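Dear colleague,

Please find the structure below, handed over for your records. My notes on the annotated sites follow it.

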Amino acid sequence: MSARLVLLGPPGAGKGTQAARVSERLGVPAISTGDIFRANVAEQTELGQRAQRYMDAGEYVPDEVTNAMVRDRLGQPDAAQGFLLDGYPRTAEQVAELDDILAASGATLDVVVAIEADTDEVVDRLLKRAREQGRSDDTESVIRRRLEVYAEQTAPLAQTYDTRGLLVRVDGVGSPDEVTDRIMGALSRGDR
Ligand code: B4P
């Protein structure tokens, strides 16, 4: 079973939801750049102060900030035997940085799972989360901007990883359990 994974997908596709479940089943840490940023915002660290205005506007935090944070996190002992990255890489520069980080330790990615869901579905989910949890970037206009940024900068990365023979596409519509079963099935079959 693969140990170094990336979860790709638009905002609201279920990356965070599936990262928690799949990482537990595989016994590797789930590393969510969004969660790390939000924890830093809550604690008002310097990193949080830098990230907040981008997140609240639906823009990506600059690559130099995000890359340094991920490099540091992947250098921690619990990530040495594997990890599941949720929400990273999101830009071509982040792909290059991840390649560099892994090459330095002689490691390689095993699989990139793209969770697919159409725009109406993800907007509905994020607006529901806005009503239930009040996340500051879940307003309708910010959601639209996050989807635009995703289409411009992150959607093309699926092609990059497909060309490398690492991509597996999974339908993200259905219950969380159904989506987890699809991901675990694809991993155990070795789909690429
Ligand atoms: P993230 O925290 O990654 O936010 P997200 O893309 O909206 O995904 P999230 O994981 O929260 O949603 P999920 O699909 O699981 O990023 C937030 C911001 O941080 C970015 O906009 C950016 O500013 C910054 N950032 C993060 N990483 C960065 C990077 N690499 N570079 C630069 N900036 C970065 O779930 C959404 C909702 O759907 C939930 O309410 C969930 O309960 C629900 N849901 C999940 N699965 C479902 C299902 N099967 N059915 C119904 N609902 C479901």
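Glycine 14 is in contact with Gly9, Ile115, Gly172, Pro176 and Val179, leaving aside its neighbours within four places in sequence; two residues are in contact if their C-beta atoms, placed from the backbone, lie within 7 Å. This is a predicted model, in which local features need pLDDT of at least 70 and side-chain atom pairs count only at pLDDT 80 or more, while totals for chains, interfaces and linings use all residues. Residues are numbered from 1 along each chain as its sequence is written.

Glycine 14 lies in the loop between S1 and H1 and is buried, with 25 other C-beta atoms within 10 Å. (Buried means 20 or more other C-beta atoms within 10 Å of the residue's own, exposed 12 or fewer, and partly exposed in between; C-beta atoms are placed from the backbone.) Glycine 12 sits in that loop, between strand S1 (4–8) and helix H1 (15–26); helices (H or I, at least four residues) and strands (E, at least two) are DSSP runs, numbered from the N terminus.

UniProt, in an unreviewed entry, lists both Gly12 and Gly14 under "binding site"; its positions follow the numbering used here, feature names are shortened, and annotations may be inferred rather than shown by experiment.

A further "binding site" feature in UniProt (unreviewed entry) includes Pro89 and Arg135. Its residues span 114 residues in sequence, and the farthest two C-alpha atoms are 25.0 Å apart, so they do not all gather at one spot. Proline 89 is buried, whereas arginine 135 is partly exposed, with 14 other C-beta atoms within 10 Å.

With kind regards
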